[in-house]
Amino acid sequence: MFHIAKIQNKRILKSDLIHSAQAFFTTRDSFLLTKDEKQPQIVNENRANICEYLNIPPENLITPVQTHSSNIAIAQKGKSYPNTDGLILTEPNLAVFLNFADCTPLIFYDERQNIGAVSHAGWRGTEQKIGVLTIEKMINNFNSDIKNIKVLIGPAICQNCYDVKKDVFNKLKNTVKNFDNLYEIKNDKISVDLKNINKQQFAEIGVPVENIDICPYCTCCNNDLFFSYRNENQTQNRHNAVLKLL
């Protein structure tokens, strides 16, 4: 179950599902990335607050350059990550974050192996099954057992707010065996449920349903709490999914 917490009186979103690592989603208060020239001071303050909260120096907070790819890398200090939409975290002295403004944030954690990951699943990432690829990399590279992996599906645009064209619908439909309850067609508009498509992908590869927590917030409906690319005229601000191992 998700709940609001605070860092320096700025709201973040956490889940009770993961308690042996620092895993959370920032909000409009605590966001870590902007291209808006009016906002960098706020972002710098938020980064300092979150680094203090995580007990790491700023250079140990790592983020990639996201391109809606299915590329997944292993986070290492001092490296850059162009064209990367998933980072696997294995070192407790580092933290990773990815950036969102309607797309689906995914946080993964294996308490037995004490490793985790964050991935970015817009419709392209969902169509490429970046979440499934992240889990497979955790299993193949770090000996995770799929039954031990917990998944947080964070704040993202909801089905009611997210209509797509037929070609996108068909691509997403082909990613799961059962697509019946994951879309709606009304007045010639097709709307899809990205959060639950990702959940279905995970369930179909064997992630226990009780190990998946879906955030109830929609970035568009709850635009007072999160940024929405669709609802804010292509906003340049991004809220984040953050992970640090303990």
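A residue is called buried when its relative accessible area is under 20%. The model shown in these close-up views is predicted.

**View A. Gln39 in the loop between β4 and α1.** Gln39 lies in the loop that runs between β4 (33-34) and α1 (40-54). Its relative accessible area is 18%, and because the cut-off for a buried residue is under 20%, Gln39 counts as buried. Leaving aside residues up to four places away in sequence, Gln39 touches Phe31, Thr34 and Asn237.

**View B. The buried residues of helix α4.** Helix α4 spans residues 166-173, and Val168, Phe169 and Leu172 are buried in this helix. Viewed down the axis of α4, the buried residues fall within an arc of 105°, so they line one face of the helix. In an α-helix there are 3.6 residues a turn, so residues three or four places apart point the same way. The cover over the buried residues of α4 includes α2 (123-127), β12 (163-164), β13 (183-186), β14 (189-192) and α5 (194-204).

**View C. Strand β8, covered on both faces.** In strand β8 (residues 95-100), 6 of the 6 residues are buried. Ala95, Phe97 and Asn99 are buried on one side, and Val96, Leu98 and Phe100 are buried on the other. In a regular strand, side chains alternate between the two faces of the sheet.

**View D. The strands paired with β8.** Strand β5 (residues 61-62) runs parallel to β8 and is joined to it by 2 bridges; Ile62 has Val96 of β8 as its bridge partner. Strand β16 (residues 237-245) runs antiparallel to β8, with 6 bridges between them. Phe97 has Val242 of β16 as its bridge partner.

Key
Residues numbered from 1 in each chain as written. Predicted model: local features only at pLDDT ≥ 70, side-chain atom pairs only at ≥ 80, totals over all residues. Heavy atoms only, no water. Buried < 20%, exposed > 50% of the residue type's maximum accessible area, 1.4 Å probe, protein only. Helix = DSSP H or I, 4+ residues; strand = E, 2+ residues; numbered from the N terminus. Arc of directions from axis to C-beta. Contact = heavy atoms within 4.5 Å. Pairing = 2+ DSSP bridges.
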